[in-house]
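Okay, thanks everyone for coming.

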Amino acid sequence: MTFKKNILCIGAGYVGGPTMAMIAYKCPQYKVTVVDTNPTRIAEWNSDDLPIYEPGLDEIVKATRGRNLFFSTEIERGIKEAEIIFVSVNTPTKTFGAGAGMAADLQYWEKTASQIRNCAESHKIIVEKSTLPVKTALAMERILTSQENDTHFDVVSNPEFLAEGTAIKDLEDPDRVLIGSRETQSGFKARDELVEIYTNWVPKERIITSNIWSSELSKLVANAFLSQRISSINSITALCEKTEADITEVAKAVGTDSRVGNKFLNASVGFGGSCFKKDILNLVYLCRHYGLNEVASYWEGVVRINEYQKERFVLNILSAMFNTLAGKKICLLGFAFKANTGDTRESPAIFIAKKLIEEKAELVITDPEALNNARIDLDGIEGKISYIEDPYEASDGCDAIAVMTEWEIYKSLDFEKIYRSMFKPAFIFDGRNILDHKRLFEIGFNVFPIGKPSLTHF
Ligand code: UDX
Ligand code: ADP
């Protein structure tokens, strides 16, 4: 079978895998190949047990794999054959040298750029899919043209806005697709080729085009704005707890102003996930690089409040439980950084688990999808930790429950049964405000929500 286009994606991760599966699903006329240096990951993509859990992903992969979607480790061959190459390798926060803890680590990115340059024998459009510091395309262009050869490359930026847990919905029905290009004849042509791909299923008015730097920067700023909303509401939870105001009521009153909007105002134990912290710190680093210290401090505050929220949660547990947790058994209800994913990257549960262990508490961790990752995250930590998938078994004999993740199943647990099996006095710390607090109090629990008055029997 001959295909209209050969599309390659380098990096078979959370972004590359689902995004390419959607393109293959919506565009049977294109051949889409996803490559990765990690053979285990590729083998998993080729198996019935995909490397990531994402509602709806299995069905799409099943419908396309072997038809026009392929997973492979043959990177060089893939580069040679493709006309369009999406680059979706990881760009974690740098852990060494200049900018450690702040700047993006572009080593995987640079390796990929060199590999494309070394293998390409014909014109390619290179698409930045990973989140990158603004101006990375310039570095990319320099690497690609740093050797005498006739191959021409066009670099475009097409950041991915999908959120985990809703990746398939976000890809199928995105708020917008952003494509940034150089404002040259060949840049516009490359941009139009990408627009053509997305018009297979995305309405034209939702495909936004811009200059390449705006596109790169918009991705960082979008994540900064989203996390800023969470830190804003979380900062107010602390004040609510001091004043008997209720954060849910405040969020509703504020969010019904259409200029503010009501989404992303759920108070929590803190935001996690692989993007928010990394992208804000990257933005902060860029601002400092350009000498914009006030701007940097402003955005840094979003991360500071997030750290404060996690610390505050542990201190609230400690003070509610008579200032000692030594030998007490605490069940963490959920470990993923949010519901509907098994991902635990930057999950507030990691920080909280470590702090509780430092207080010499015993932990029982439960989560429907994230227990394997939880084991890896807490590997080597000295203390008593067990991992139990069944929430009833997990809370049995515990002194307290701390809700870390807003899994739907937790809302309908039989808390009377749970209360009966727990040590008394029994405590619940609802880090997501998902439970019926009045009802829990009536059952006998001492209830500590986030940003609401506590309900206690003493
Ligand atoms: C985010 C962005 O939403 C997405 O557009 C971008 O492409 C990648 O980063 P993701 O990290 O998957 O996606 O999850 P998201 O749903 O944004 O949640 C991030 C964190 O914020 C989670 O820990 C979540 O629990 C928390 N959150 C979210 C809140 O605490 N309150 C809210 O109201 C919303
Ligand atoms: P993201 O959340 O951005 O998708 P992931 O860490 O989930 O990030 O995925 C990135 C993928 O990129 C990993 O599977 C990693 O093995 C792969 N990768 C990193 N460097 C290269 C490279 N030079 N060539 C091919 N794949 C790479």
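One definition before anything else: when I say helix or strand, I mean a DSSP run, H or I over at least four residues for helices and E over at least two for strands, numbered from the N terminus. Also, this is a predicted model, so local features need pLDDT of at least 70 and side-chain atom pairs count only at pLDDT 80 or more, while totals for chains, interfaces and linings use all residues. Residues are numbered from 1 along each chain as its sequence is written, with chains lettered from A and ligands numbered from 1 in the order in which they are written.

Let's start with the ligands. A residue is near a molecule if its C-beta atom, placed from the backbone, lies within 6 Å of it. On that basis ligand 2 has 20 residues around it, and the closest are Gly11, Gly13, Tyr14, Val15 and Tyr108. Helix 5, residues 107–119, gives the most to that shell, with 3 residues. By type, the shell around ligand 2 splits into 7 nonpolar, 10 polar and 3 charged. Here Ala, Val, Leu, Ile, Met, Phe, Trp, Tyr, Cys and Pro count as nonpolar, Asp, Glu, Lys and Arg as charged, and the others, Gly among them, as polar.

Ligand 1 has 19 residues around it, with Asn266, Ser268, Phe271, Gly273 and Cys275 coming nearest. This time helix 9 (212–243) gives the most, with 3 residues, and the shell divides into 11 nonpolar, 5 polar and 3 charged.

Now, domains. The assignment, which is an automatic or database one, gives domain 1 as 5–202 and domain 2 as 305–449. Their centres, taken over C-alpha atoms, are 38 Å apart. The contact takes 4 residues from domain 1 and 7 residues from domain 2, where contact means C-beta atoms, placed from the backbone, within 7 Å. On the domain 1 side, that's 2 nonpolar, 1 polar and 1 charged.

Next, the sheet. What is the strand order? You get 6 strands in an open, parallel sheet, ordered 11-10-9-12-13-14; pairing here needs at least two DSSP bridges between two strands. The edges are strand 11 (385–387) and strand 14 (446–449), each pairing on one side only. Zooming in, strand 9 (329–333) and strand 12 (400–403) pair in the parallel sense over 4 bridges, and Leu332 stands opposite Ala402 in strand 12.

Then there's helix 13. Its buried residues are Pro348, Ala349, Ile350, Ile352, Ala353 and Leu356. Buried means 20 or more other C-beta atoms within 10 Å of the residue's own, exposed means 12 or fewer, and partly exposed is in between, with C-beta atoms placed from the backbone. The cover over those buried residues includes helix 12, strand 9, strand 10 (362–366), helix 14 (371–377) and strand 12.

Buried or exposed, then? Asn323 is exposed, with 8 other C-beta atoms within 10 Å, whereas Glu346, with 19 neighbours, counts as partly exposed. Finally, Lys424 and Pro425 are joined by a cis peptide bond, omega about 0°, and Pro425 is in the loop between helix 17 (415–421) and strand 13 (427–430).

Terms used: Two residues are in contact if their C-beta atoms, placed from the backbone, lie within 7 Å.
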